[in-house]
Number of protein chains: 2
Amino acid sequence: LALLFFSEDDDPVAWSAALRARLPDLDIRVWPAIGSPEEIEAALVWLPPPGLLASLPRLRAIFSLGAGVDAMLADPTLPDLPLCRMVDPSLTATMAEYVLACVLWYHRQFDVYARQQAERRWKLHLPGPAAATRVGVMGLGVLGSATAATLAAHGFTVRGWSRTPRAVAGVECFAGQPGLGTFLAGADILVCLLPLTRETEDILNAALLDRLPEGARLIQVGRGRQLVEADLLAALDTGRLVHATLDVVREEPLPPAHPFWTHPRIRLTPHSASYCQPATGAATVAENIRRLRDGRALLHVVDRQRGY
Amino acid sequence: LALLFFSEDDDPVAWSAALRARLPDLDIRVWPAIGSPEEIEAALVWLPPPGLLASLPRLRAIFSLGAGVDAMLADPTLPDLPLCRMVDPSLTATMAEYVLACVLWYHRQFDVYARQQAERRWKLHLPGPAAATRVGVMGLGVLGSATAATLAAHGFTVRGWSRTPRAVAGVECFAGQPGLGTFLAGADILVCLLPLTRETEDILNAALLDRLPEGARLIQVGRGRQLVEADLLAALDTGRLVHATLDVVREEPLPPAHPFWTHPRIRLTPHSASYCQPATGAATVAENIRRLRDGRALLHVVDRQRGY
């Protein structure tokens with residue numbers, strides 16, 4: 001079976017090695033050296049150019065390298081074949097690690113020291129113990145609850161919020177509109193890990209940010225369309241927020257003229273918080289390739305109506 | 001007993017509360033509201049102005065808020081009284097936390113993304129798992145071995161180096177000149193936690209930095225005089241090092257005209273890595289105040305010849 005590999009972000013060498021360790025006779029064709037298109041029966045891809053998958057006449061299944069497939073679904077030429085999203089523990093572990101890195105950075109005042117360095121100013125600001133820093137995690141699904149648990153294990157005081165009530169060990173949980181105000185009032189650092197739905201679009205707006213403590217920080221690792229960008233800029237101007245780390249934005253890549261690039265209190269990362277490690281993700285892909293060979297039902301097939 | 005408190009960095013309110021919780025009748029005089037100088041019998045201080053302690057005629061003991069007392073010893077008017085350094089688990093915990101924050105920041109490419117943001121560039125660089133990032137810790141004393149263990153617990157591949165052989169669980173240990181080259185060649189991130197001695201002064205020099213892998217990063221949390229500053233700038237120019245975080249420098253505060261302030265690949269923090277939390281440090285101080293009252297021997301008295 002020949003597999004097309006396409007990604008500008010993932011390492012084809014590491015993925016090929018990890019897949020061959022599980023399927024020694026797998027024929028992997030790394031774009032653009034794909035050989036004869038009619039030999040390709042499966043594709044393992046991230047953000048493929050529109051039309052690429054439609055150009056493979058004998059394609060039978062599409063495997064996404066990421067958990068989100070909204071960009072692929074937006075391609076009108078996407079073939080009507082089983083489309084499988086990535087499900088892998090490394091997606092959760094990398095997200096928890098990214099958020100921990102950001103929370104430690106804020107807790108230890110690295111944002112303050114970066115501003116001081118620009119002003120040639122040498123001045124200590126000693127934080128309290130981790131327990132004195134209150135982190136609020138919005139969204140308690142797989143990523144949110146694992147991230148909240150990681151932060152709590154580090155000694156931070158963690159509260160969580162979700163639409164419907166949830167329980168996470170070591171985390172004070174709030175739910176729905178009635179719990180939102182109390183949740184926000186105790187979040188020195190707000191982490192957004194909500195899924196994008198009709199209810200969460202534009203949820204990070206002026207009304208919500210105004211309920212945070214004065215001088216709060218934001219870590220946005222949900223989806224770009226949840227944040228009202230003008231409201232973030234206003235909250236940074238008034239001092240309600242003192243800093244924001246944005247891993248997702250409304251338009252990715254962020255347009256070159258966008259004010260976020262040069263804002264002294266905004267840190268950008270290019271949608272890098274959660275990603276799949278080849279060493280573990282290859283197990284998911286290899287299992288689906290075996291199923292495809294054997295004519296069995298594939299795992300993690302996307303419901304195209306629902307979008308995930 | 002009246003205790004003088006002086007520090008421009010530590011919080012007098014938190015320290016007073018933590019000390020009164022242990023010694024409810026302690027008379028704490030926070031500078032500059034010290035009342036009558038002849039009533040003061042003990043001083044809890046960090047970087048007191050030269051001459052302040054000498055102006056207290058009935059002073060009997062000096063307690064340092066920090067572990068290092070070299071600045072105080074440099075004051076020629078320092079009274080010849082017992083001088084006690086701070087010994088507290090929070091000094092170790094805050095150091096390990098600071099280094100973990102820096103290692104995560106490098107592992108997740110935040111230094112690369114900061115440069116990209118300045119260039120308005122949106123480009124992913126997906127790191128391998130934590131185990132693929134090799135951290136080398138120089139100095140395996142109390143702070144170094146605890147920091148190495150914290151990093152290993154996070155999944156990083158950690159190696160340690162010390163002058164004489166040491167063992168730390170989960171850490172590959174090297175010792176002395178014979179082990180130094182191998183140690184350095186496998187350190188993608190080098191952490192310096194060595195004490196300052198005749199042998200470690202200027203140890204972070206061109207010869208040492210040249211033995212690191214191409215594109216390494218440095219976290220300097222030892223002492224300023226260990227780093228040959230011109231050699232660091234040269235290593236950043238050639239690309240041997242791609243970034244350095246410096247918490248200590250040869251002259252603190254760093255002089256305003258120093259090139260480190262504006263270097264795009266140097267991050268400065270104002271000697272903030274390790275500090276004492278009042279909640280735990282107050283126990284050490286309260287014990288010594290009790291001993292002073294009762295005429296018993298004080299703990300952690302500095303040997304002024306040795307300097308610590």
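**Figure 1. Packing of α3(A) against α3(B) in the predicted model.** Helix α3 of chain A, residues 89–107, and α3(B) meet at an angle of about 130°, and their axes lie 9 Å apart. The crossing of α3(A) and α3(B) is left-handed. On the chain A side, the contact is formed by E97(A), L100(A), A101(A), L104(A), W105(A) and H107(A); on the chain B side, by E97(B), L100(B), A101(B), L104(B), W105(B) and H107(B).

**Figure 2. Packing of α3(A) against α5(A) within chain A.** Helix α5 of chain A spans residues 142–153, and its axis crosses that of α3(A) at roughly 45°, the two coming within 9 Å. This pair is therefore also oblique, and the crossing of α3(A) and α5(A) is right-handed. From α3(A), the residues in contact are L91(A), T92(A), M95(A), A96(A), V99(A), L100(A) and V103(A). From α5(A), they are V142(A), L143(A), A146(A), T147(A), T150(A) and L151(A). The contact comprises 10 nonpolar and 3 polar residues, with no charged residues. L100(A) takes part in this contact and also in the contact of α3(A) with α3(B).

**Figure 3. Surroundings of R108(B).** R108(B) is located in the loop that links α3 (89–107) to α4 (110–118) in chain B. The residue counts as buried because its relative accessibility is 2%, against a limit of under 20%. Its side chain forms a polar contact of 3.1 Å with the side chain of E97(A), a residue that also belongs to the contact of α3(A) with α3(B). Leaving aside residues up to four places away in sequence, R108(B) touches T94(A), E97(A), Y98(A), S272(A), A273(A), S274(A) and Y275(A) of chain A, together with Y113(B) and P127(B) of chain B.

**Figure 4. Helix α1 of chain B and its N-terminal cap.** Within α1(B), which covers residues 12–22, the buried residues are W15(B), S16(B), A18(B) and L19(B). The buried residues of this helix pack against the chain B strands β1 (2–6), β2 (27–30) and β3 (40–45), and against helix α9 (278–294) of chain B. The N-terminal end of α1(B) is capped by D11(B), a side-chain oxygen of which lies 3.0 Å from the backbone nitrogen of V13(B).

Technical notes: Residues are numbered from 1 along each chain as its sequence is written. Chains are lettered from A and ligands numbered from 1 in the order in which they are written. This is a predicted model: local features need pLDDT of at least 70, side-chain atom pairs count only at pLDDT 80 or more; totals for chains, interfaces and linings use all residues. Side-chain values use heavy atoms; hydrogens and water are left out. Helices (H or I, at least four residues) and strands (E, at least two) are DSSP runs, numbered from the N terminus. Buried means under 20% relative accessible area, exposed over 50%, partly exposed in between (1.4 Å probe, protein chains only). A polar contact is a pair of N or O atoms within 3.5 Å; within protein, one must be able to donate a hydrogen and the other to accept it, and residues adjacent in sequence count only if both atoms are side-chain atoms. Contact means heavy atoms within 4.5 Å. Axes are lines fitted to C-alpha atoms, for helices over the stretch in contact, and angles run from 0 to 180 degrees between N-to-C directions. A crossing is left-handed if the near helix is turned anticlockwise from the far one by less than a right angle, and right-handed if clockwise. Angles under 35 degrees count as roughly parallel, over 145 as roughly antiparallel, 65 to 115 as roughly perpendicular and the rest as oblique. Ala, Val, Leu, Ile, Met, Phe, Trp, Tyr, Cys and Pro count as nonpolar, Asp, Glu, Lys and Arg as charged, and the others, Gly among them, as polar.
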